[in-house]
Amino acid sequence: MRLDVDDFVVVTREDAAPSALQSAPRYLSELNDAIDRITERLREVNKKIHDNPELGYEEFIAHDTLTTFMKGIDGWKVTPSAYGLKTAWVAVWDSGKKGPVVSFNCEMDALEGIGHACGHNLIATAALSGAVATAEVMRSNKLAGKVVLFGTPAEEGGGGKIKLLEAGAYKDHKVDLNLISHPGITRNHALTRTSAYTALRVEYFGREAHAAASPWLGINALDALITAYNGLSVLRQQTMPGDVIQGNITDGGARPNIIHAYAAGNFVVRANTQARLEELLVKVRHCFEAGATATGARLEMARGMAYADHVPNRPLGASYARYFNALLPSPSNQTIPADQDLDEMLGRSGASTDQGDVSYAMPSLSPGFAIVPGPQGNGPHSPDFEQASGTRDAFERALRVGKALAGTAVDVLTVEGLLGKVKEAWEKSIKGLLRPSGFGLASEIRLDIANCMGSANPLVI
Ligand SMILES: [Zn+2]
Ligand SMILES: [Zn+2]
């Protein structure tokens, strides 16, 4: 219902709720059965990945386990070590009839020292089960279209999905949309917004001199970095909600009796959108330049790995919520709200993911799902969450997500006009978010992604 009140158009909550939420999902029991039939095999895969944590681009056990599993499912064509990446892979199920191409992303990597503390074993389970169930329903109902499952390495700072995007993996398969999910401990939601982020490597080059006998002959690079650090601290008072600037000093001089000729640090800048990130980066650059101006040290900055913010898709979210809520035990206080404004507000995260880059390339859905936390009640990137993500209960919750993702895919394949609505919503939501970089001319800044991918730049994604 629309009401005009003092020049404002008030939309009541009933109108904000997607009407699809009211009706029962048509393929629910079929999808349920398809996954229930292979639950114990899926659990073996899930455990194997969880109990053998591997870092980005080294997910060899996960790669072999997942591709072997997919080769064992009827009708799937599996390509191991795809697109020049040893641990990337692609599995395709083709109906042979022209139709929508739905895709899933399967993450595999763990964190150094704390294993599967981001629950990517659960993400893999949801994607694997979702893709297989979608193909099963397509087969039994003779639906047209294709399902593509991508094994995507190195989410934790390595940008595996960006490499696959750049290699043309999604274009090669004429993918219409992409589905993934992420576990957490708070609540279930369909619409996730993450932060855009970029890493920076900052170096100052000065000149040594005796710090007591002739300091006037020196140029203090550490002073330059400290001046910049303090400038950033001042800048933080005037930033927008969502703006985050973090850094650590990796090189702070050699000895106290020498004027410091070299100082360096790693910095991470985040914002709600890529466009806002570019604006913020201009101010951040000014702070670093101020350090150089104040001391006479020479500044070198390298922009490292960057992830775009994740832009959620509302028509896909409505389908997912409908299936997910129907799969919850009734009654439940875990339901995804029908009000998509509320859902999106609750799904906002300060963290970042390379699924964000996927969401700028095609419609994407990355729902969050709650698992029961460990004894300390701690969330992702903690040993507590590593324990929680290995439990049978967490696995079963990931299967529920797999079923709801499959439901979303099947909706796209069967509901007349839905794919058009998904694409229209995507175009509308990213329009205006794309703006050219204001950070600096390419000649001023060394773009050196490889420099920031090593251990020298520990990133928290
Ligand atoms: Zn993570
Ligand atoms: Zn993660």
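This is a predicted model: local features need pLDDT of at least 70, side-chain atom pairs count only at pLDDT 80 or more; totals for chains, interfaces and linings use all residues.
## Overall architecture

The protein chain comprises 461 residues, of which 50% count as buried. Its secondary structure consists of 16 helices and 15 strands. Among the contacts between residues at least 6 apart in sequence, 80% join residues at least 24 apart.

## The six-stranded sheet

One open sheet contains 6 strands in the order β3-β4-β6-β5-β7-β13, and its pairing is mixed.

Strands of a sheet pair through backbone hydrogen bonds, in either the parallel or the antiparallel sense. The antiparallel case is seen elsewhere in the chain, between β9 (residues 196–205) and β12, which pair over 8 bridges. Here Y204 stands opposite L299 in β12. Strand β12 spans residues 298–307 and is mostly covered, with 7 of its 10 residues buried.

Helix α4 runs over residues 60–71. Its 12 residues reach 16 Å from the first C-alpha to the last, close to the 16 Å expected at 1.5 Å a residue. The buried residues in α4 are A62, H63, T65, L66, T67, F69 and M70. An α-helix has 3.6 residues a turn, so residues three or four places apart point the same way. Cover for the buried residues of α4 comes from elements including α3 (39–51) and α5 (120–141), together with the strands β3 (77–79), β4 (89–94), β5 (101–107) and β6 (146–152).

Helix α5 has 22 residues and reaches 31 Å between its first and last C-alpha atoms, close to the 32 Å expected at 1.5 Å a residue. This helix is mostly covered, as 19 of its 22 residues are buried.

## Helix α9 and its surroundings

Helix α9 covers residues 274–295. Its 22 residues reach 32 Å from first C-alpha to last, close to the 32 Å expected at 1.5 Å a residue.

## Nonpolar cores

The largest nonpolar core has 80 residues, and the members touching the most others are A127, L128 and L149. Leaving aside residues up to four places away in sequence, L128 touches L42, V45, L66, F69 and C106. Apart from this core lies another, of 32 residues, with A221, V268, L280 and Y307 among them.

## Backbone geometry

Most residues other than glycine have a negative phi, and most peptide bonds are trans. Y57 has a positive phi near 65 degrees and is not a glycine. This residue lies in the loop between α3 and α4. Y57 counts as partly exposed because it has 17 C-beta neighbours inside 10 Å, whereas a buried residue needs 20 or more.

K142 likewise has a positive phi, near 55 degrees, in a residue other than glycine. It comes just after α5, in the loop between α5 and β6. With 8 C-beta neighbours inside 10 Å, K142 counts as exposed. A further feature concerns the peptide bond from S330 to P331, which is cis with omega near -5 degrees. P331 is placed in the loop between α10 (314–327) and α11 (340–346).

Technical notes: Residues are numbered from 1 along each chain as its sequence is written. Chains are lettered from A and ligands numbered from 1 in the order in which they are written. Helices (H or I, at least four residues) and strands (E, at least two) are DSSP runs, numbered from the N terminus. A residue is buried if 20 or more other C-beta atoms lie within 10 Å of its own, exposed if 12 or fewer, and partly exposed in between; C-beta atoms are placed from the backbone. Two residues are in contact if their C-beta atoms, placed from the backbone, lie within 7 Å. Two strands pair if DSSP finds at least two bridges between them. The expected span of a helix is 1.5 Å times one less than its number of residues. A nonpolar core is a set of buried Ala, Val, Leu, Ile, Met, Phe, Trp, Tyr and Cys residues joined through C-beta atoms within 7 Å.
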